[in-house]
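The following paragraphs lead through a protein chain, from its contacts and overall dimensions to one part of its surface. Please keep the model in view while reading.

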Amino acid sequence: MRRSWEEKGKLISSYAERIQRSNLVVFFDFTGIDAQAVTKLRADLKDAEGEMLVGKNTLFYRAFMNTVVADHREVLTGPTAFAFAYGDPVKVAKILFEFMKELDKEKPLGRIKGAYMQGRFLKPVEVQALAELPPKEVLISKLMGAIQAPIYALVMALKSAPQKLVLTLKAIEEKKS
């Protein structure tokens, strides 16, 4: 089935809109992955505010034309699927990386071609590093703990100063009596 130029233009615009809206786009080879596994991956990505698309590489290339991905045409060759993260990019990277580990424990990065995030092109190892980050909530709680620790120490120091003074005065009083 051949598409008209108008239909292709609409697809390119829809892809470009998704790229603009997403926090991360991962390119990966889906060759040989059975339909049931792909369906589960799509559902997992959807639960993580993501989406998986498969389309013509040439149309995706045109959608990425004004990005750094245009300089990495090699990622858009062969069977390529696109995982978009509209929410937390770490969640989507984790889901995809875990999925790839299930397919090939030895070389989970073998199918990941690269990614696009905040105007940068990411290599497969950078996608893995992103996937290995703790979830956003954990990072925020660690940051809050780091911010609160000095304040807590100051409060404890200020609280203990009068106690030490009272204990010292009491010791002097007992010594005199």
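Among contacts between residues at least 6 apart in sequence, 75% join residues at least 24 apart; a contact here means heavy atoms within 4.5 Å. The model is a predicted one, in which local features need pLDDT of at least 70 and side-chain atom pairs count only at pLDDT 80 or more, while totals for chains, interfaces and linings use all residues. Residues are numbered from 1 along each chain as its sequence is written, and side-chain values use heavy atoms, with hydrogens and water left out.

The chain contains six helices and five strands, taken as DSSP runs (helices H or I, at least four residues; strands E, at least two) and numbered from the N terminus. Their order from the N terminus is α-β-α-β-α-β-α-β-β-α-α.

As to dimensions, the C-alpha atoms fill a box of roughly 105 × 35 × 25 Å along the principal axes. The radius of gyration of the chain is 26 Å, whereas a compact globule of 177 residues would have one near 16 Å; the value is taken over C-alpha atoms, and the globule rule is 2.2 Å times the number of residues to the power 0.38. Of the 177 residues, 33% are buried, that is, under 20% relative accessible area, with exposed meaning over 50% and partly exposed in between (1.4 Å probe, protein chains only).

Helix α6 spans residues 136–176 and includes Met-156. Because its relative accessibility is 35%, Met-156 counts as partly exposed.
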